[in-house]
Amino acid sequence: MITIEDCIGLSGLTREEIDAIAEHEHLPEIVAAELGCYLDQTPEGQRTIRSMIEDDIAHAVACRDMKRAGVLKIVLAHYVRHHEHEQALRKGEGDGHHTIA
């Protein structure tokens, strides 16, 4: 039997990133993991995930939930750092040059 932890592990996203998608889209965690995995496959989808997290931050600030906003800012920073690195690696692979991290 596949568990939620298995689905999160296969998604390529962290639990916190999936939680942000679930929060934004009002989805169960398992569905958010599937949506996140799908969106994460393209640069446009990655921008969509980033926008979702940014919207969640704005909502937390509007609700004066600074603790949640702070957590989401860390989630966003991790997501951007991780996925910009992956895009750079993919770009380097496509042109015959190798990018060293």
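Tutor: Buried means under 20% relative accessible area, exposed over 50% and partly exposed in between, with a 1.4 Å probe and protein chains only. This is a predicted model, in which local features need pLDDT of at least 70 and side-chain atom pairs count only at pLDDT 80 or more, while totals for chains, interfaces and linings use all residues. Residues are numbered from 1 along each chain as its sequence is written, and side-chain values use heavy atoms, with hydrogens and water left out.

His83 counts as buried because its relative accessibility is 3%. His83 sits in helix H5, residues 66-94; helices here are DSSP runs of H or I with at least four residues, numbered from the N terminus. The side chain of His83 makes a polar contact of 3.1 Å with the side chain of Asp40. A polar contact is a pair of N or O atoms within 3.5 Å; within protein, one must be able to donate a hydrogen and the other to accept it, and residues adjacent in sequence count only if both atoms are side-chain atoms. Contact in general means heavy atoms within 4.5 Å. Setting aside neighbours within four places in sequence, His83 is in contact with Asp40, Gly12, Leu13, Glu17 and Gln46.

Ser11 belongs to helix H1, residues 4-11, and is buried, because its relative accessibility is 3%. Not counting residues up to four places away in sequence, Ser11 touches Ile18, Ala33 and Cys37. Ile18, with neighbours within four places left aside, is in contact with Ser11, Leu13, Ile8, Glu29, Ala32 and Ala33.

Leu13 and Ile18 are among the residues that touch the most other members of the largest nonpolar core, which has 20 residues; Ile21, Ile49 and Ile53 are the others. Such a core is a set of buried Ala, Val, Leu, Ile, Met, Phe, Trp, Tyr and Cys residues joined through side-chain atoms within 4.5 Å. At least two residues of this core come from each of H2 (15-25), H3 (29-39), H4 (43-62) and H5. H5 supplies the largest share, 6 residues.

Now the cysteines. The whole structure has 0 disulfides, a disulfide being a pair of cysteine sulfur atoms within 2.5 Å. Cys37 is in no disulfide, and its nearest cysteine sulfur, that of Cys7, is 9.6 Å away. Cys37 counts as partly exposed because its relative accessibility is 25%. Cys7 is likewise partly exposed, with a relative accessible area of 23%.
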